[in-house]
Structures are given as C-alpha cells and as structure tokens.
Amino acid sequence: MAVDIDAQVTEFEVGSAGITLKENQVIRLGEEVMLIKSINGGILQVERGYLDTLAVSHRAGVEIYNGRVVTLREFFGRTEWNPQIGKFGIWSLANSTLLTSVVAILVALPLGLSAAIYLSEYASERARKILKPVLEVLAGVPTVVYGYFALNFMTPLLRNIFGKGVVEIYNTASAGIVIGILILPLVSSMSEDALSAVPRALREAAYGLGATKLETAIKVVVPAAFSGIAAAVIVAISRAIGETMIVAIAAGAGPAFTFNPFKAAETMTGHIVRISGGDLSYDSIDYNSLFAIGLMLFLMTLGLNIISQRVVKHFREEYE
C-alpha cells in the first residue's frame with residue numbers, strides 16, 4: 001500500500017508486489033472487506049464496507065489479503081454456503097451430512113444387530129461360516145456401484161411408494177438407505193464379535209433361571225456386550241459421515257438447509273467432490289473453502305472416535 005486510506009476514499013494506489021488483483025475480486029484490509037470495481041494501472045476503484053463490514057481508515061503499508069476473515073460465529077451460526085458471494089454457513093452442508101448418516105444408522109442398526117444376534121446365538125457353525133462372509137462381501141462392493149444403485153433403484157422405489165411429487169430425483173433418503181446397506185457389515189461384524197465375547201456362564205445362568213433363548217439374548221447378552229455394540233455404532237456413523245461417492249451421485253448437487261430427507265441436499269463430502277472435480281483455479285475462494293470443510297469433517301470423525309473410546313472404557317465389563 002502506497003498511502004494512507006481514509007474511511008471515505010474509494011480510489012487508492014497499490015504496489016505491484018504480492019497477489020494479482022482482478023475486477024470484481026473481494027479483498028480485505030484489516031477487518032474491512034472491499035470489492036474491486038475497476039483497475040487502472042496501480043489505481044484501484046473499490047466499493048468500501050463490502051458484505052456489511054465497517055469502512056475504516058487504513059495506514060500506509062497495510063497488507064491486502066485475497067478474500068476476507070470468516071469468524072467462527074458466522075461459520076457455525078449461518079445456514080447458507082456460497083463462498084462466491086461471501087456466504088460461509090457450514091450448516092447447509094453439515095445438516096445434510098448428519099441427515100444421511102441418521103437415515104443410514106436407522107437402517108444399519110436394527111438389521112446389523114439382528115444379524116449379529118442370529119449369528120452369535122442361533123446360527124450353527126456351518127451357517128455362521130456361510131452367512132458371515134456373505135455379509136462382509138457387501139463391504140467390498142465399490143461405493144460408486146452403491147451410488148448408482150441408490151439413484152436407479154432406491155430413488156424410483158421411494159418415488160413409487162411416497163409419490164413423485166414428494167420424493168425428488170436426488171434426495172438424501174435414498175443415499176442414506178444405501179449407506180446403511182454399506183455399513184451393515186461393519187455393524188453386524190463388530191457387534192457379533194462383542195456378543196461372542198460374552199462368557200457362556202452368563203447364558204447358562206439365564207437358562208437356569210428359566211429364561212428363553214430370546215430373553216437371554218435380549219436381556220443378558222446384549223447388555224453385557226453394550227460397550228462393543230456402542231463402539232460399532234459410533235464407528236459406523238463415522239464411516240457414514242465420510243462416505244463420498246454415494247452422496248455425490250444420489251443426494252444432490254447444491255447446498256440446501258433442509259430436514260426433509262426427500263429433498264435434494266449436498267453433503268460435505270459430496271461438495272468437496274463436485275467442487276474439486278471441476279475447473280477450479282488454485283487459491284480461489286472456492287478452493288480455499290474446501291480446507292475448512294475438510295477440517296470440519298476431521299473434527300466430526302475425531303469427536304466420534306473419542307466418544308467411542310470413552311463409551312467402551314465406561315461400559316466395558318471384564319469377566320474371569
């Protein structure tokens with residue numbers, strides 16, 4: 001910066017070093033955001049106090065930054081995500097991510113836990129050797145196949161059941177259901193390992209008191225294996241949050257803050273895939289915003305893993 005800038009000045013001279021400036025670019029000086037209207041040599045004509053920031057005086061030599069500072073209050077307190085116009089509310093992406101994960105766990109938990117109870121308490125050794133690998137094969141299917149399965153099978157099925165006017169072609173419900181199928185082997189396998197680790201003596205004690213096999217499984221074995229089952233559920237939620245291709249194909253392409261699972265909404269991972277896969281210039285505002293989304297994903301999965309460890313430690317029971 002060559003000279004001091006008063007709060008009312010809309011034209012000023014800048015040096016040639018540093019970032020390359022362009023018309024209609026958003027820049028920041030201190031806490032004030034400006035919009036470049038035109039460039040004539042080293043003279044900038046700007047719109048002061050852009051995006052509701054306060055136009056203030058700046059000393060000579062202050063650095064120009066590409067973009068602006070986004071506060072945590074704005075990042076976590078708003079629901080519109082559009083970096084091109086200065087909207088950085090993460091909840092439009094985080095809400096759809098959580099919505100698909102909730103749908104997925106509502107599908108995977110009852111089915112996976114039922115499969116785990118059957119394999120642990122009812123299935124013969126021969127049936128277990130056949131059924132468990134069959135379940136685990138589901139985890140080996142490429143997720144892009146699951147994505148097209150959600151788009152071409154699950155979505156038409158939901159539209160036939162609930163009506164085409166209710167269910168959009170791209171929706172979080174179909175993506176969530178298929179993610180539930182994807183994480184089903186994870187829930188069933190980890191839960192079955194936890195159930196199998198319960199000592200045989202607890203089962204025999206329940207049988208001796210007159211409990212049926214179902215009562216023993218539900219009232220004795222499952223509570224005794226609660227820590228392992230809870231860890232399986234939390235790990236499965238983490239897997240659902242990080243799923244990419246299914247939501248990129250079936251959930252929708254555009255941030256939208258909605259609690260309706262039949263509406264299109266873009267998740268954080270889907271947004272990263274769509275934006276990074278396009279014609280995106282390096283160090284642009286869209287490019288840099290992807291790192292914030294990636295950090296948010298990391299913090300969410302890290303938090304879930306910490307919760308998982310605490311749950312296991314708190315509810316773990318050791319038997320001799």
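Let me start in the loop between strand E1, residues 11–13, and strand E2, residues 26–29, because that is where Asn24 sits, and please keep in mind throughout that what we have on the screen is a predicted model. Asn24 is not a glycine, and yet its phi is positive, at about 65°. To put that in context, most residues other than glycine have a negative phi.

Now let me turn to the surface, and to a nonpolar patch made up of Tyr118, Tyr122, Ile130, Leu131, Val134, Leu214 and Ile218, which together have about 630 Å² of accessible area. Which helices supply at least two residues each to this patch? They are helix H2, spanning 91–122, helix H3, spanning 125–137, and helix H7, spanning 213–224, and the largest share, three residues, comes from H3.

Finally, I would like to look at Thr155, which is placed in helix H4, residues 143–162. Is Thr155 buried or exposed? Its relative accessibility is 2%, and it therefore counts as buried, for which the cut-off is under 20%. Leaving aside residues up to four places away in sequence, the residues that Thr155 touches are Ala150, Glu168, Ile169, Asn171 and Ser174.

Note on methods
Residues are numbered from 1 along each chain as its sequence is written. This is a predicted model: local features need pLDDT of at least 70, side-chain atom pairs count only at pLDDT 80 or more; totals for chains, interfaces and linings use all residues. Side-chain values use heavy atoms; hydrogens and water are left out. Patches are made of residues with over 30% relative accessible area and no salt bridge: like charges are joined within 9 Å, nonpolar side chains (Val, Leu, Ile, Met, Phe, Trp, Tyr) within 5 Å. Accessible areas come from the Shrake-Rupley method with a 1.4 Å probe; for residues, only the protein chains shown count as cover. A salt bridge is a side-chain nitrogen of Lys or Arg within 4 Å of a carboxyl oxygen of Asp or Glu. Helices (H or I, at least four residues) and strands (E, at least two) are DSSP runs, numbered from the N terminus. Buried means under 20% relative accessible area, exposed over 50%, partly exposed in between (1.4 Å probe, protein chains only). Contact means heavy atoms within 4.5 Å.
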